[in-house]
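Hi there,

Here is the structure I promised to pass on. Have a look first, and my notes on the backbone and a few contacts follow below.

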Amino acid sequence: MQGDSVVEPFYFEKPLNIILPYKQDLLNELGIRAEELGLFFFTGTGSYTDAGIQNVVVDTVANRIYAQVVHFSTLVVRKQQMQTAAHESVMSGLPQQYRLEQNYPNPFNPSTRIQFSLKQSADVTIRVYDILGREISTLVSRKFQAGQYTAEWNGMNNTGKMTASGVYIYTLSIDGKTVAARRMLLLK
């Protein structure tokens with residue numbers, strides 16, 4: 001194989017509970033307090049993200065980190081910095097950006113889940129379109145607080161009829177402005 005190839009992350013059907021032990025004596029040698037630890041995915045570009053990691057708890061008695069992950073990727077335990085508001089957002093578990101994840105399962109039949117993240121409260125709309133750009137279904141249309149959420153599409157259109165097999169586009173709109181779109185495949 002020549003060159004690099006991009007592999008889509010493997011998304012779990014539901015968040016996977018993980019437990020990671022850490023060594024307190026190693027943290028002491030490095031001058032890191034356990035409360036400063038964070039769990040991140042390595043992006044491969046020299047940076048880290050917490051998108052797809054939920055409910056992180058550092059247990060300083062059992063020397064364990066508990067969390068839920070929604071996809072398989074390279075996990076990194078590292079010290080978190082608290083110098084900016086963006087880092088404080090990471091510490092609080094809130095997303096740092098608006099994000100629309102790839103639906104899972106994909107291809108799907110009869111239903112699929114779509115995860116999205118909000119960095120602040122906003123009016124959110126998630127719509128499904130056919131390949132010609134016609135609106136098929138509105139999955140979400142309401143105000144959400146900052147956080148991570150999941151919408152589900154059962155393959156039905158806005159009138160309650162089952163749609164045909166094919167490629168569909170779903171979009172995330174924040175306060176009336178479309179910020180992300182992805183493709184999904186319905187197979188019957």
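Helices (H or I, at least four residues) and strands (E, at least two) are DSSP runs, numbered from the N terminus. Please note that this is a predicted model, in which local features need pLDDT of at least 70, side-chain atom pairs count only at pLDDT 80 or more, and totals for chains, interfaces and linings use all residues. Residues are numbered from 1 along each chain as its sequence is written, and side-chain values use heavy atoms, with hydrogens and water left out.

Let me start with the loop between β7 (99-100) and β8 (112-118), where Pro107 lies. The peptide bond from Asn106 to Pro107 is cis, with omega near 0 degrees. Pro110 is in the loop between β7 and β8 too, and a cis bond with omega of about 5 degrees links Asn109 to Pro110.

Leu187, in the segment after β13 (177-186), touches Pro107, Phe108, Asn109 and Ser165, leaving aside residues up to four places away in sequence; contact means heavy atoms within 4.5 Å. Leu187 counts as partly exposed because its relative accessibility is 42% (buried is under 20% relative accessible area, exposed over 50%, partly exposed in between; 1.4 Å probe, protein chains only).

Two positive phi values also turned up. Asn63, in the loop between β4 (53-59) and β5 (64-72), has a phi of about 55 degrees. Asp175, in the loop between β12 (166-174) and β13, has a phi of about 50 degrees.

Best wishes
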